[in-house]
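Dear colleague,

I am handing over the structure below, followed by notes on what was found in it.

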Amino acid sequence: MNKSEMIDRHSLFDRLCHWFIVATGLVTFLTGLSFFFPSFQWLGAIAGTPEQARAVHPIIGLMMCLPLMLMLVRYYHHNKWEKHDLPWMLAIKDVMFENEDKIPPVGHYNPGQKVLFRAFVLTSIGLTVSGIIMWQPYFAPYFAPETVNWAILIHAVCAVIMMIFVLVHLWMATWVEGSIPGMLYGKVSRAWCRKHHPLMLNEDSETEKHQ
Ligand code: HEM
């Protein structure tokens, strides 16, 4: 494809951050599941032994959540709610059935992605704060047992919500053809933008005008 037909969508830094989050997220979720459900205990083998899984989980979890928070801050300006987002939401049936001529145009991210973005913000903060409070033997002794119990509950709820949203995110990423190569190589074609995020082309030309 002609190079001028390709548009930057994700910087190298954001791509490295994203795939680092995926790798650390995988270890965090697998070790977390190993102590959440007794029937998944065998998943702890990913860290060696169940004891090692317990030791590794909070460290790798932080290595996932901190870059995720950084990435969310960097993507904040693309995820503000815009006036064209509600019509897209109301046309969700046409989106699902791919009635392309009936789908209202959206910008850099569609409202579905913006909802996921908000879920990632809430769950990454919830997991980090609750995870630190319940971290034995380092931080938990500084908190009242009741606070630690609440932290354990909040941690589990946030983990389940994040896992569900990650699965939705994965489904959306594979459903929209060209989206994963965009996150791998950083660029998408103009045709892809016209099809999936037409207002993004206006946003980018506005930004260029003001530079
Ligand atoms: C194998 C698993 C994953 C795949 C294949 C994947 C794929 C993608 C793709 C293709 C994009 C770009 C979407 C676009 O340009 O429109 C993206 C963006 C993003 N991903 Fe993932 N992802 C995965 C896992 C995760 C996980 C585990 C998290 C965090 C918990 C995450 C957080 C994000 C964030 C914050 C963005 C930025 C876009 C936004 O604000 O919505 N991803 N991902």
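In which helix does Tyr-185 lie? Tyr-185 lies in helix H7, where helices are DSSP runs of H or I with at least four residues, numbered from the N terminus. Because its relative accessibility is 62%, Tyr-185 counts as exposed (buried means under 20% relative accessible area, exposed over 50% and partly exposed in between, with a 1.4 Å probe and protein chains only).

Please keep in mind that this is a predicted model, in which local features need pLDDT of at least 70 and side-chain atom pairs count only at pLDDT 80 or more, while totals for chains, interfaces and linings use all residues. Residues are numbered from 1 along each chain as its sequence is written, and side-chain values use heavy atoms, with hydrogens and water left out.

Turning to the ligand, a nitrogen atom of the ligand is 2.7 Å from an N or O atom in the side chain of His-169, whereas ligand oxygen atoms are 2.9 Å from such an atom in the side chain of Gln-113 and 3.2 Å from one in the side chain of Asn-79. The elements that give two or more residues to the shell around the ligand are helices H1 (12-36), H2 (50-74), H5 (111-133), H6 (145-175) and H7 (179-185).

Two backbone features in loops also deserve a look. The peptide bond from Gln-136 to Pro-137 is cis, with omega near -5°, and Pro-137 lies in the loop between H5 and H6. Glu-98, in the loop between helix H4 (92-96) and H5, has a positive phi, near 55°, and is partly exposed, with a relative accessible area of 45%. Most residues other than glycine have a negative phi, and most peptide bonds are trans.

Best regards

Terms used
Polar contact = N/O pair within 3.5 Å; in protein donor to acceptor, adjacent residues only side chain to side chain.
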